[in-house]
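The following note is meant for a colleague who is meeting this structure for the first time.

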Amino acid sequence: MQIGDLEGAKRAGELFGYPLMIKSKRLAYDGRGNEVAKSEEDISSAVTALGGFDRGLYVEKWAPFVKELAVIVARGRDNTILCYPVVETIHKENICHIVKAPADVPWKIRKLATDVSYKAVSSLEGAGVFAVELFLTSDGQILLNEVAPRPHNSGHHTIESCYTSQFEQHLRAVVGLPLGDPSMKTPEAIMYNLLGEDEGEPGFHLAHQLIGRALNVQGATVHWYDKPEMRRQRKMGHITIVGPSMGIVEARLNSMFKEGGSDSQSAVTPRVGILMGSDSDLPVMKDAARILNMFGVPYEVRIVSAHRTPEMMFSYASSARDQGVQIIIAGAGGAAHLPGMVASLTPLPVIGVPVRGSSLDGMDSLLSIVQMPRGVPVATVAINNATNAGLLAVRMLGVGDSDLLARMSQYQEDTRDEVLKKAEKLQCDGWESYLNP
């Protein structure tokens, strides 16, 4: 609601309630031009801070959001519209501090945010990149906050994380070229704004120290804007970090702030988790580890019992994706609940290894794993065949890893040559010599 005097502002407060957001119509960005009135008594001081009613002010009802989201939307001169993945923006003193891509929200929230952003840009005119800023409320609503008709801070990550950056996309749109692919080419990314921490030379010194540490962080790219004047809270540059999971990317970001430097370059993230309900399963499950070693796939081995340590199982399965694990191999004997319970808690693929027990010869484990209810899939292999579980994990990872795919092809070629060599030896030496060399 537009406000032109104190009485109008008070009426808006009566209508919208408090706190009340008061904004300037012009030159409002990076925390400037916004003031919050927590009560009617705060209105006068907020208006004064914004330069008075003559500057042109309006008020907004306070939005009780739980997260701030954003979508970069591109529209071409032919009115083609493409949306980038939804991101979460985290603000510090009303200035964008961190952007997480993609946003850690349910898929249906991502779809709703994308739909709202698409409709918002469809209602406007012009070709180019638009940044649509949104609020997510506790009851799952998406509220349109504002639209910036330009490349935006919430889209800087696209330089490293997307097939077409927002800057290239803007040029494509404006000059009438086909729009590029806006999808992400890396699983997760974080953009960290380099804000001035002090005035003048002390501020430059602090920024350069952080940049020095960032250059030792795996997946990090530094962008320095080369602004001649350093001011507190001024955007001086940004750092984008990409990686296989948000947990890993956040850990890399946090390592930048350690004064002693970072060991992020040497840290190896397990891509496969090997779980077993008891150490008695280890003689079988070691074969999966042996295969992963052979292919150079980093992994971790854990004892996690579905029955004896259910809390640990829940914690591991729920957090595995965020920690960078891509596939879980779970071995279990008897009732064999571990693979299915883990599969019910994670969106990651789970390979169950039925382990032969002291009774029923492992058939109970095999049947337990393959009888999972519809909607909770668990792949499985032959009883005690953790070797095949390891090989299957390598093949699954190879779908997006050309080096692993090449290694698997070489493995198949080597096993074929080994069989041919044995066949030739048998044919040349005869079966008796073959068995008694």
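1. Two strands are said to pair if DSSP finds at least two bridges between them; strands (E, at least two residues) and helices (H or I, at least four) are DSSP runs, numbered from the N terminus. The model is a predicted one, in which local features need pLDDT of at least 70 and side-chain atom pairs count only at pLDDT 80 or more, while totals for chains, interfaces and linings use all residues. Residues are numbered from 1 along each chain as its sequence is written, and side-chain values use heavy atoms, with hydrogens and water left out.

2. An open sheet is formed by 4 strands in the order E1-E4-E2-E3, with antiparallel pairing. Its edges are strand E1 (2-3) and strand E3 (34-37), each of which pairs on one side only. E1 is joined to strand E4 (residues 57-61) by 2 bridges, and the two run antiparallel. Within this pair, glutamine 2 stands opposite tyrosine 58 of E4.

3. Helix H8 (residues 282-294) and helix H12 (residues 386-398) have axes that come within 7 Å and cross at roughly 35°. Axes here are lines fitted to C-alpha atoms, for helices over the stretch in contact, and angles run from 0 to 180 degrees between N-to-C directions. On the H8 side, the contact (heavy atoms within 4.5 Å) involves residues including Val284, Met285 and Ile291, and on the H12 side residues including Gly390, Leu391 and Val394. By class, the contact residues divide into 8 nonpolar, 2 polar and 2 charged; Ala, Val, Leu, Ile, Met, Phe, Trp, Tyr, Cys and Pro count as nonpolar, Asp, Glu, Lys and Arg as charged, and the others, Gly among them, as polar.

4. Grid points are joined across faces, edges and corners, and a volume is the space filled by probe spheres set on the points. The count is 2 cavities of 30 Å³ or more.

5. The largest cavity has a volume of about 40 Å³. Strand E11 (188-195) and helix H6 (200-214) each supply at least two lining residues, and E11 gives the largest share, 4 residues. This lining divides into 6 nonpolar, 3 polar and 1 charged.

6. The second largest cavity has a volume of about 30 Å³. Among its lining residues are Glu68, Phe135 and Asn145.

Conventions. On a 1 Å grid over the protein atoms alone, a cavity is a set of points where a 1.4 Å probe fits but cannot get out, and a pocket is an open set with protein on both sides within 12 Å along at least five of seven lines; lining residues have an atom within 4 Å of a point.
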